[in-house]
2 protein chains.
Amino acid sequence: MKLLVVDDDADMLAVVSFALRQASFPVVTANSYGTGLAVFHAEQPDLAILDINLPGGSGFELCGVLRRETNAPIMMLTARGEEADLVRALELGADDYLTKPFSPRTLVARVKALLRRAGQEGTSPTRAGDLSLDAELLLLRIGEREIRITPLESRLLQLLLANAGQVVHTDRLLVHVWGHRGGGDRQLLKQLVHRLRQKIGDDPEQPRWLATIPSVGYMLRVTPQG
Amino acid sequence: MKLLVVDDDADMLAVVSFALRQASFPVVTANSYGTGLAVFHAEQPDLAILDINLPGGSGFELCGVLRRETNAPIMMLTARGEEADLVRALELGADDYLTKPFSPRTLVARVKALLRRAGQEGTSPTRAGDLSLDAELLLLRIGEREIRITPLESRLLQLLLANAGQVVHTDRLLVHVWGHRGGGDRQLLKQLVHRLRQKIGDDPEQPRWLATIPSVGYMLRVTPQG
DNA sequence: GACAGTCATAACCGGATTGTTACCAGCTTG
DNA sequence: CAAGCTGGTAACAATCCGGTTATGACTGTC
């Protein structure tokens, strides 16, 4: 359990971090768009709190980028409670929104609420980029398209979505989908990937979603426009 | 299963609808008191989400009017500082309220909770679309037709009606109807569904009511000509 | 006891899903 | 180049799953 706070205002950063640490949350911080993204990648926090005004890119952009990579809750901080900001943040996938000034107690309460909910949610539906998977209904949404998938395909996508943008090793996929011991069953994975690619219309040479990383594994692309 | 959202703010309407559709809920919308009432009559949604500020009449009035016509859950949306008015909303029969700004996840979670609650308390008779079940009399009405059904068929329909428009898992149906689980009893469910389909005249290939979701379960359709 | 209604059980069929085998192309290595 | 690896593709077999039919047990009623 770890929280990320991104704010360029040193005072605000200190106040927020102090409040959260008082509540026994480990906190990592960053003070710009770039460092925020880097720290997120490095630390893999369970929740992110983003200021809207950031050097190097707005908090909105960071929010959008993070939402494509993770399902972790995102909370936005802003000085002015403008409706336009709110709508934009929520559209970008933010989960909550706090207007300055706020009390530390409020902050901690909202953070706890977000974490509790995120913990409960568990399954339905996972998403990354333009892909959205409902594992219970065995339904995969790609933009407007709705594609019925099989149980095995669903399990494959679960792990790939959970690690979108990162390479997932062949062995990990095998274990997650079949619960198998290592190398013997490469062929199963080859077939499964092949059939899934056919279903969603993906070309292995020029993959829009399901990229092959030779002799390592597969990766779900979240930035298809390179 | 269908939700109605009434709000005069186009942005808010878009955000809320988007979130609910992402969660696989069919959504119909309206932007005023009058259209809200009209759409409710036309679409017969299973839950209504009302903003308080509406042109043509307040959300409170609409809430009161709808409550006299339906048992469907009603959720109110309020802006900060209108907390006092919430008491009034609850007295008028609202089931839940959300204070702006709220996260889409919160919204979806609360909607699901309301629907779950509404589905459970649904004793006899229950209805969805053109189906109406009287579990005590073991009588199923489809439009004008009245069909006698058996106790087991009634229990099957109870759960399907309570989750109309949503997939209900095979295991859940087994537990609800027979109270025991385990793979061996798929056959029971097959038979029950088959006989029920014969009784109401439903074609598995082109189901008007009882749709099969392969390797998941069954679903009661409420938008047959979708 | 005859009868109808209800429900459990088994068997069969066709299609979907999954597992298996084989083959091909590209790449690396020696 | 040959050998050996990789990943993509095809074809086929085995299995699963849902729909259907048939049958018998059990109940209650007449």
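Of the 17 residues around DNA strand C, those that come nearest are A:T150, A:L152, A:Q187, B:T150 and B:L152; a residue is near a strand if its C-beta atom, placed from the backbone, lies within 6 Å of it. The elements that give two or more residues to this surface are α6 (151–162) and α8 (186–200) of chain A, together with α6 (151–162) and α8 (186–200) of chain B. Helices (H or I, at least four residues) and strands (E, at least two) are DSSP runs, numbered from the N terminus.

This is a predicted model, in which local features need pLDDT of at least 70, side-chain atom pairs count only at pLDDT 80 or more, and totals for chains, interfaces and linings use all residues. Residues are numbered from 1 along each chain as its sequence is written, while chains are lettered from A and ligands numbered from 1 in the order in which they are written.

Attention now turns to strand β3 (residues 47–51) of chain A. Because 5 of the 5 residues of this strand are buried, β3(A) is largely enclosed by the rest of the structure; buried means that 20 or more other C-beta atoms lie within 10 Å of the residue's own, with C-beta atoms placed from the backbone. In a regular strand the side chains alternate between the two faces of the sheet. Here A:L47, A:I49 and A:D51 point one way, and A:A48 and A:L50 the other way.

The strand β3(A) pairs in the parallel sense with strand β1 (residues 3–6) of chain A over 4 bridges, where pairing requires at least two bridges found by DSSP. A:L3 has A:L47 as its bridge partner in β3(A). Strand β4 (residues 74–78) of chain A also pairs with β3(A) in the parallel sense, over 4 bridges, and the bridge partner of A:I49 in β4(A) is A:M75.

Conventions:
Buried ≥ 20, exposed ≤ 12 C-beta atoms within 10 Å, placed from the backbone.
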